[in-house]
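Here is a short note on how two parts of one chain meet. Please keep the structure open while you read.

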Amino acid sequence: MAIRRGRGVAAINYPTGMNLGGDPTQALVHSTPTGNFMVTLSSVDLGQGMKQIMAQICAETIGVPTDRVVVDTADTDTGPHCMGTFASRGTHRAGNAVIQAAKEARQVMLEVAAEELEVNASDLDTDGQGNIQVKGAPQKSISIFDVALSAHFKRGRSISGRGMFLIPRSYPEKETGAMKPSTCYAHACTVAEVEVDDETGEVTVLTVKNVFEIGRALNPKMVEQQLVGGSWMGISHALYETTEPYYPNRDHGGTDFNQYLMPGPGDLAETEIIVLERPSADGPFGAKGPGEMCANPQIPAVANAVFDAVGVRIDTLPITPERILRALKAQAAG
Amino acid sequence: MAKVPVQFTLNGSEKAEFIESGTTLLNALRDKIGDTSPKGGCHQGTCGACSVIIDGELRLSCLTLAETCNGADIKTTAGLAEGGVLHPLQRAFLDAFATQCGFCTPGMITAAKVLLDRTPNPSREDVVEALSGNICRCTGYEPIIQAVLTAARANSQNAA
């Protein structure tokens, strides 16, 4: 009986969103009378940072500082249609819709500015600081604040735009069955090192080294935040989490946090995150969906590390001490 | 059921309410007094989201009857910021990206506050121990541990 050490590797492709029934998201953008911009969505920010990312995308497209943008999300009664926050689709789908809406709003804004400055709208550009200037002649300039006031009170224009991003439904080809159920693949690879006690079956994850290829990190700190949390969650799925740890039937399953095991702050593996950026062709500013993917590759990596350590294949999650001991017993029985 | 009077200090101001006997402090704070900073996660003392400070001790408000708090000095995360300036712990949580959905954050900060009040220069093990009664689904805990250590350093620099 001994503590045995093992190392496992796993690599994954992860799709962004799904389109088994068509995958649309719509967005509306409009300016307030004082030149702030409002993004209206039905998408949900449940902590992954969607409001921040949509504000960045809108601001970058219109050409204003991010703090000039307010994002209103998640009223499905009144907002433009969104399929929802799932399958890591938020940034990709809603981001594309916001770009389209913001472009239309920007065009109206430039048209109003052109009337005020008595120039052609195509000769104008934003300075990113809240002003619109004549290209090559920045002294001829008007603030977006004044443009919005003019649009509202003088010109009778609505500085607004509509965005619609749709991945159409994919039907299988009759001959081959080939189809495209998802788009825009992100990638990840994890190497996990574990110790397995072959007397108790207990697994300790020593280190997790993750590489994530996520298109472009639109907000690098928030991406890191997701990946660190996700890596922990992947280990939690691999070794601990299930609603059915008890026998003999479902009635004895866990019902609350007393019985649903998650590792606490004392059970952390040494974690490394590396982000690779390969901008996607169809993503907003090259982004893909890193959300769910970040909790995936740790699971097969840990399973492989357990195999490397004690020579048994556990193919049911979570990889509990009991499952390891049963497998070791079967292995010994030959 | 007959209502009973309770009177305590919440974040420095006097509160007096009539509540139904058996009401938890969590429900009294959230539903009667309007301080929604303690969160109701499990209502059975497992997740730590409802943590508050009662007379300097870390307590689970979901397992504390409000009527046992007469005369107590209660502090919640809603009372941490002073004059619009965030408490060093709140600042450190923001800077370390130690919150995502935010549901566990008030409990985490409360637990960390009690730790730093007693142990101004905690080790990593001290921080882990102090947070071990609090569940977080999003962050993987590491950013939270780092935030608490950062706040402790900021405090000791201010003191020096």
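1. Look for salt bridges across the interface of domain 1 of chain A and domain 2 of chain A, and the rule finds zero. Bear in mind that this is a predicted model.

2. Polar contacts are another matter. Between domain 1 of chain A and domain 2 of chain A, nine residue pairs are in polar contact, with both residues at pLDDT 80 or more.

3. Which elements of domain 1 of chain A supply at least two residues each to the side that touches domain 2 of chain A? They are strand 1 (3–16), strand 9 (183–197) and helix 4 (220–239) of chain A. Strand 1 of chain A gives the largest share, three residues.

4. Now the make-up of that side. The residues of domain 1 of chain A that touch domain 2 of chain A comprise nine nonpolar, seven polar and two charged.

5. Check the domain bounds on the sequence. Domain 1 of chain A covers 3–16 + 182–333, and domain 2 covers 23–166. Their centres, taken over C-alpha atoms, lie 39 Å apart. The contact takes 18 residues from domain 1 of chain A and 18 residues from domain 2 of chain A.

6. Next, area. The size of an interface is often given as the accessible area lost when the parts come together. Here, about 1300 Å² is buried between domain 1 of chain A and domain 2 of chain A. Carbon and sulfur atoms give 60% of that area.

7. Finally, find three residues in domain 1 of chain A. Thr16(A), Pro284(A) and Phe285(A) lose the most area to domain 2 of chain A. Together they account for 38% of what the domain 1 side buries.

Terms used:
Residues are numbered from 1 along each chain as its sequence is written. Chains are lettered from A and ligands numbered from 1 in the order in which they are written. This is a predicted model: local features need pLDDT of at least 70, side-chain atom pairs count only at pLDDT 80 or more; totals for chains, interfaces and linings use all residues. Side-chain values use heavy atoms; hydrogens and water are left out. Domain bounds come from an automatic or database domain assignment. Contact means heavy atoms within 4.5 Å. Buried area is the accessible area (1.4 Å probe) that two parts lose on being put together, summed over both. A salt bridge is a side-chain nitrogen of Lys or Arg within 4 Å of a carboxyl oxygen of Asp or Glu. A polar contact is a pair of N or O atoms within 3.5 Å; within protein, one must be able to donate a hydrogen and the other to accept it, and residues adjacent in sequence count only if both atoms are side-chain atoms. Helices (H or I, at least four residues) and strands (E, at least two) are DSSP runs, numbered from the N terminus. Ala, Val, Leu, Ile, Met, Phe, Trp, Tyr, Cys and Pro count as nonpolar, Asp, Glu, Lys and Arg as charged, and the others, Gly among them, as polar.
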